[in-house]
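User: I'm new to reading protein structures. Could you walk me through one with me asking the questions?

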Amino acid sequence: MAKEEKKILLVIEDEEMLLRALYLAFLHSGYTIATASDGETGLRMTERLKPNLVLLDLLLPKMSGFEYLKTIKSNPGLKSTPVIVLSNLGDKDDMEKATDLGAADYFIKANTDLSVLAKKVDEILKA
Amino acid sequence: MRTKWLNLVLLLTNRIYSRKQSIAGQNGLAAAANIFTLIVLEVALGAVSLPLYVALNSDTVTAHLTSKGAYAKVVFDYNLRRILTLTGVGIVFVIWGVKLMLILAVPTVYGPLQLFTVSDLRPADILTVDMAAETGIQTARVIGNMPRPELTQVKKVSGGDYVFTGKGQPNSTVVLLLSDGQTAIYTAQIGDSGLWEISHLRSNFKLNDGNHSVIVFSYDKALGVRSETAPNQYFKVTSSWLDVLAKNIDQLANWSVAIIIILGIFLTFLTL
């Protein structure tokens, strides 16, 4: 019987503190966690790892979250990758833009409870 | 519990982000207040997030999935701001911890001090509020065969007080003159046992490091006469390393806070 591969969660976040916190939050969830601290690296890792879910910050160095979203959603091999945006940008326009670009959900960091985020992640990954 | 802690990290990170955004368009007092708040938040975040740095190596946080094909490890650069904040917080905690320990565990016994004998008697500048006593003592005639007391020990006790003990003729009066820039006059009755004890409190005046003159003699106020002085007339005050540390810890603690604040302001501007 083939061993079931762990689902891959890719976290793209440039704030190191937050990245470590998110890593720790999902460490024992049973997923393989990959991390990137800028948009370009995040894109490279997405192309290579084909993650099952991406947690994406919008304000990223090298390539913004919006550009990343646009790029993967225009890639036939990656466009079905669910992306949850986790950002400080709380503007309605930004939320609509992210959703229009294909984000599965949008969390504003200031209002986010990690347990709620974890539930959403589980919901998508176990679907 | 872990989620609550991580939510706190998230909350502090967001608060810091919001503060930075609000500082950008401000100046004057409002900016200064925000910078101060930012520093407090950074210190709090530095302390709260310490386990994230201690418990998680960069290698662990960076995924290295060789089974999916080789790719360059994403290497984290430690955020300079956090490291310096943590170091600063650590230094402050250590200094204040030492201060607290000193407060809680002040040494109670400083022990007897070495006494010196000199042959000459230096006249002392006597300053005292008891003018009658001062006059009487100053003008008392020295009687050679009047039994003179002995000063046998000077002991420093906790709080920087000193206790002088000796012996002399029972039921007589002993006078002790203690000098350190100014002179204190103490009198005591010698008990039936022939022993006497006089305390000098730090609150009267602090004895600085170095040699101090202590003149002890018997005094008969009614007859207006006094004995010759006891042979031991000097003692040396020294500070232990604990005294020096206790003396300087306040300055060190104050400077450490100032340094952290200055560093925090500098780093805040650096990373805005």
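User: Which residue in β2(A) does L10(A) stand opposite?

Analyst: Keep in mind that this is a predicted model. Strands in a sheet pair through backbone hydrogen bonds, in either a parallel or an antiparallel way. Here, L10(A) faces A34(A) in β2(A). Strand β1 of chain A covers residues 8-12, and its pairing with β2(A) is parallel, over five bridges.

User: What is the order of the strands in the sheet of chain A?

Analyst: It's an open sheet of five strands, ordered β2-β1-β3-β4-β5, with parallel pairing. β2 (32-36) and β5 (105-108) of chain A are at the edges with a single partner strand each, so one side of each has no neighbour in the sheet. From one strand to the next, the twist averages 20 degrees.

User: Which strands does helix α2 of chain A touch?

Analyst: Helix α2 (residues 39-49) packs on the sheet and touches β1, β2 and β3 (53-56) of chain A. Its direction makes about 165 degrees with that of β1(A).

User: In what order do the elements of chain A run?

Analyst: Start at the N terminus and read β-α-β-α-β-α-β-α-β-α. That's five helices and five strands. Chain A has 127 residues, of which 43% count as buried.

Notes:
Residues numbered from 1 in each chain as written. Chains lettered and ligands numbered in written order. Predicted model: local features only at pLDDT ≥ 70, side-chain atom pairs only at ≥ 80, totals over all residues. Helix = DSSP H or I, 4+ residues; strand = E, 2+ residues; numbered from the N terminus. Buried ≥ 20, exposed ≤ 12 C-beta atoms within 10 Å, placed from the backbone. Pairing = 2+ DSSP bridges. Axes fitted to C-alpha atoms, helices over the stretch in contact; angles between N-to-C directions. Contact = placed C-beta atoms within 7 Å.
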